[in-house]
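User: I would like to understand how the terms used for a structure follow from its atoms. Could we go through them one by one?

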Amino acid sequence: MDKSNLSKKELFNLLQKMILIREFEESCGENYAKGFIRGFLHLYIGEEAIAVGSISALREEDYVVTHYRDHGHALARDLDTNSVMAELFGKSTGVSKGKGGSMHLFDVKKHFMGGHAIVGAQLPLALGIALACKYKKENSVVLVFFGDGAVSQGTFHETLNLASLWELPVLFFLENNLYGMGSHVENTRAEGRDIHSSAESYGIHAEIVDGMNVLEVLDITKKSLDSIRNNSRPILIEAKTFRFSGHSMADPAKYRSQDELNYWLKRDPIESFEKYLVDENICTQDELKKIKDQVQDEISKAVEYAIKSPEPSLEDLKKDIYA
Amino acid sequence: MTLMTIRQSIQKGLREALNNDPSVFLMGEDIGEYGGAYAITSGFLEEFGSDRIKDTPISEATFIGAGIGAATVGLKPIVELMSMSFSLVAFDQIVNMAANLRYMSGGQISVPLIIRAPTGAGMQLGATHSQSFETWLSEVPGLKVITFSSPSDALGLLRSAVKDSNPIIIAEPAGLYGVRGDVSDEYYEIPIGSASVVKEGNDVTLVSYGHGIPILLDTREELIKINIDAEIIDLRTLNPLDMVSIDKSIKKTGRVVLLDTSRKLGGIMPEIVSRIQENSVDFLDGPIVSVGSENTPWPYNKNLENYSLPNVDNVIESFREAYKI
Ligand SMILES: Cc1ncc(C[n+]2csc(CCOP(=O)(O)OP(=O)(O)O)c2C)c(N)n1
Ligand SMILES: [Mg+2]
């Protein structure tokens, strides 16, 4: 890993957030098995460095838009852990009052403009928010996440074209985890594994980053945000990553080999960052343990909160349809 | 007779089509290596090879459009959508192209395309993943829309769809893939446009399709306890509608209840209400009762979703209130 000029506190924050996401996701898996969480549940395990590295570089006035694999982005954006867990439990105290569920997390106060579950549908939304930011002469940037699968939707290409043509402040963040459900990217994309090349054909500068390295993600995101704020030109970052579990809880991931999984498990973004912090004498084993204990405590409390929270009332069914 | 699930009967029909007709091929997201989101095409890639079982990227508008194109020049594509909710991404191709091509070309072109899509709410998938657009598609001239609630119907209708020269939407009730039933070992077809009388009865006509049929079967059992003998009609085709079967039943029973598990507003039932009004209102002893889901987006929360979805009690209450029983 690169040397960084971050303070110890900043480095600890990055680690703490990644561990929070990991433990949160593992708890989700357990609570899905127990029947507390239902519907489609997509875990972010393995990809934590992307959400944490990129979102940590944002300002409060910036926006985040993402897809259905959204727990990591939500926690990285400091959505309340209790309220995110409560949403997954379908409770009225959830970020979306129990109406959205895992795939549809929202917190507008935090400029977290949603998890969106139609593949590719979030991209035009992000474009429009960026259009409004420019129109209102705000200096905000819109950070939008999407997967390698979404690149095959027309909305991806149409959004890139307009973002470039209208010079809008969008940071496109492609989480290339090599698979869209069971389909390997080489079977779905004509350009092969390196998808960023299609950005260049729209005149959008593209960067590739190791999505398993939180410091690299942070660094490239900071530089990209500076560039977007100064030049009002969109940028696309393609992160190489891997989801450690199946697409959703229903997927045993038989289409991937154990060798391929092992290759990526060795690059675990949390383990490698911990090793870096210890090797560089930034962090002791005791401090690591303390972070983990704190996180586990936070997650247990979130689960308890979600269990104890009330269900929405039946009248809520017909609320929130019109403004 | 062989006992099988709806999933197995669809598999049987698809295998048959692939084996009997070299112009048939399957296309869709994750239907090959993954075996299909609902495991309908599990094992097909190994059996038929990648020319006939084509995995596509997540490009619904374009692969459905490509299915239309291939159909216009002699192939018989059977395209799978992972969910009826995702048909929206391809609506332009389905409506403007597949449905209109024949008419616009003065009858020169036909589009023998099948689009299969799992449909329905009830699995806590939330607003974007629980919608039943087969009701919207049912009002598009040029399309035929079929659905089923038993393995036998699923196979018989699929066979007819494969022989048909028009674009056909098969709305597959996602909650019923595991439903079991007997399927004849003799070859048979079920004509598109024919409803079926699932249970005969004399006192009230209960009409639904897909996910609504198991609810009506339970409703019938409850009604028997109060000495009411209900007849159940499964529409099986949403366009063209088989009004003859409905009118015939109403003439016998004098009472009718329509049930739709998708949203009550819009949908197929208001059309049936209006046709009953035109055809057989004189035979009715009371109002036409219509029961459906609430006119709201689909919530994630289980209680809210259940509250929105119609159940046996809703059907019985509405019926008793309307007919003062
Ligand atoms: C329009 C549409 N088509 C299909 C789906 C079903 N689906 C959900 S996620 C997914 C795979 C997406 O893969 P990718 O964009 O690579 O994201 P990842 O899951 O790998 O994070 C598919 C096919 C959907 N939600 N929306
Ligand atoms: Mg992917």
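User: What makes a residue count as one of those around ligand 1, and which come nearest?

Analyst: A residue is near a molecule if one of its heavy atoms lies within 4 Å of it, and in this predicted model there are 23 such residues around ligand 1, of which A:Y68, A:R69, A:A117, A:N177 and B:E60 come nearest. This is a predicted model, in which local features need pLDDT of at least 70 and side-chain atom pairs count only at pLDDT 80 or more, while totals for chains, interfaces and linings use all residues. Residues are numbered from 1 along each chain as its sequence is written, chains are lettered from A and ligands numbered from 1 in the order in which they are written, and side-chain values use heavy atoms, with hydrogens and water left out.

User: Why is the site of ligand 1 called shared?

Analyst: The residues that surround ligand 1 come from chains A and B, and therefore the site is shared between chains.

User: How do you know that ligand 1 has a polar contact with the backbone of A:A117?

Analyst: A polar contact is a pair of N or O atoms within 3.5 Å (within protein, one must be able to donate a hydrogen and the other to accept it, and residues adjacent in sequence count only if both atoms are side-chain atoms). A nitrogen atom of ligand 1 is 2.8 Å from a polar backbone atom of A:A117, which meets that limit. Likewise, a nitrogen atom of the ligand is 3.0 Å from a polar backbone atom of A:V119, and an oxygen atom of the ligand lies 2.8 Å from a backbone N or O atom of A:G149.

User: How much of ligand 1 does the protein bury?

Analyst: Taken alone, ligand 1 exposes 580 Å², and the protein buries 97% of that, with accessible areas from the Shrake-Rupley method with a 1.4 Å probe (for residues, only the protein chains shown count as cover).

User: What makes β3 and β12 of chain B edge strands?

Analyst: Strands are DSSP runs of E with at least two residues, numbered from the N terminus, and two strands pair if DSSP finds at least two bridges between them. The open sheet of seven strands in chain B has the order β3-β2-β4-β5-β7-β6-β12, with mixed pairing. Because β3 (53-56) and β12 (237-239) of chain B each have a single partner strand, one side of each is left without a neighbour in the sheet.

Note on methods:
Helix = DSSP H or I, 4+ residues; strand = E, 2+ residues; numbered from the N terminus.
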